[in-house]
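Hello,

Here is the structure we talked about. Please open it first, then read my notes below.

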Amino acid sequence: MTLPVVLVGVVLVAMSISGTAVALPSIGRELDASGSPLNWVVAGYNLAFAAMTLIAGSAADRIGRRRVFIVAALVFAAGFLATALSPAILVTDIARIVSGAGGAGIMAAGGAILASSYDGAARNRAFALMGTMAGIGIAVGPTLSGLLIVATGWRGSFAVFTIIGLLVALGATRARESRASDGGPVDWAGAALFVVALALLMFALLEAPTLGWTHPVILITGIAGLVALVIFGFVQRRSPAPVLAPALVANRGFLGWSLATLTTSIGFLGVLVFLPTYLQAAAGLSPASAGAAMLLLTAPVLIMPMAAVTLVNKGVPARLLIMIALLLVVAGNLWLVMLNADHAVASVAAPLVMIGVGMGASFGITDGQAMALVSANAVGMAAGFLNTLRGAAEALVIAAFSASLIGLLTARLGDTTRAAAVGAGRLTTGAEAAELDAFTWSWHLTQLGVGLLCLMLSIVVAALIHGRAPASRRAT
């Protein structure tokens, strides 16, 4: 019962990440929202996911992995229910933050449950299945959400997730409990600092296009976020039971595989979240049609995890596969600089497939390879760290991608309010051509930055994992 429950939880969280992007234009129209308030619907979820995953992983090791998983599923469902009933964008944003915290616990505790239940090739297969289910969720999320929005409205789509979340919590009561043998107290100071640091940095990135990058509020929150992150590092070195053990980060092989998953997340998520809005604005697609078009990106994530782990189990070097995956993600993002509003879907087809294949291969092998390098007592922390990197990348990429799009649109259109509306897919009657041209131009420059960042990170990954193929689980 353990494996099916964890896998259903994983696919639910993945669907909630990819599907929400399709709902943004509908949410924006009904709640009269655009710019950063609307972007917080996705960014708030990912911020909470990033901030809470590491905490949930460490807590799972100490107080019980099944217990954390059940509580997380209930929190996840409560957040989706509040979103479905939300009367205003502020309530929606807060509800999404609650859901993100629940999703973090599902992923971290779920990964820890699998790592403590399986070993060797069985562990590789379990994590590949976890990656496959994440791929299924990401693949069907936009399409299913688009269909649900057309049929029941965006509120109905969120209500469906509420019901499934409750069923996951119920099923998890049949799973086996486990915890670390040397568990200690939760590092609340470290947890609080980590949450504060990410929240401040996210706020600065999302609000900068509206307030201005030199606005005192942006400067203060940005600097405070960096300071909180540095203090977090010092606290972790002195804590007897750190949220993130320094030895884990010092493990070069583990860090290399962790950065690999960070890189693919950066290259994948900006496109996943913001391209559906562009397609609806440029090509006039419905939410369902935009979701279907995103299958070019998400369908490969469905099949590649198991394909990649099968190759690894047959002797193909995992290092070679991950470098190919990273190359595909880099090339796909750079190719999206050719995005064309006149033939929007056709111009993105090939690069979307490349990015999806790279992301799917990464899903299949990075977690298993990284977890083979940590001790059994640290699997919750390690799973939390891996998903925190993904969540942090997702949260910061969404914030940075949004800031870049709105900032460039503002520079081109000369009006922040108008730029925010265009970024939300709402074009001005009579000025559609000029606004769409500006939207496309901002996409080109943003994608160029994402592609170059992924290229630099891929070089770092190659240096860290060179000659460090994991053969068995080692101590941190």
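Start with Glu435: its relative accessible area is 0%, so it is buried (buried means under 20% relative accessible area, exposed over 50%, partly exposed in between, with a 1.4 Å probe and protein chains only).

This is a predicted model: local features need pLDDT of at least 70, side-chain atom pairs count only at pLDDT 80 or more, and totals for chains, interfaces and linings use all residues. Residues are numbered from 1 along each chain as its sequence is written, and side-chain values use heavy atoms, with hydrogens and water left out.

What does the side chain of Glu435 meet in a salt bridge? The partner is Arg418, at 2.7 Å from N to O. (A salt bridge is a side-chain nitrogen of Lys or Arg within 4 Å of a carboxyl oxygen of Asp or Glu.) This pair links helix α16, which holds Glu435, to helix α15, which holds Arg418, 17 residues apart. Helices are DSSP runs of H or I, at least four residues, numbered from the N terminus. Arg418 is partly exposed, at 27%.

The structure holds three salt bridges. Another joins Arg412 and Asp437, with the closest N and O atoms 2.9 Å apart. Arg412 lies in α14 and Asp437 in α16, so the pair ties together parts 25 residues apart in sequence. Arg155 and Glu30 also pair, at 3.0 Å from N to O. Arg155 lies in α5 and Glu30 in α1, so this bridge ties together parts 125 residues apart in sequence.

Back to α15. Its buried residues are Ala419, Ala420, Ala421 and Val422. Just after α15, Gly425 takes a positive phi of about 90°.

Best wishes

Key:
Helices (H or I, at least four residues) and strands (E, at least two) are DSSP runs, numbered from the N terminus.
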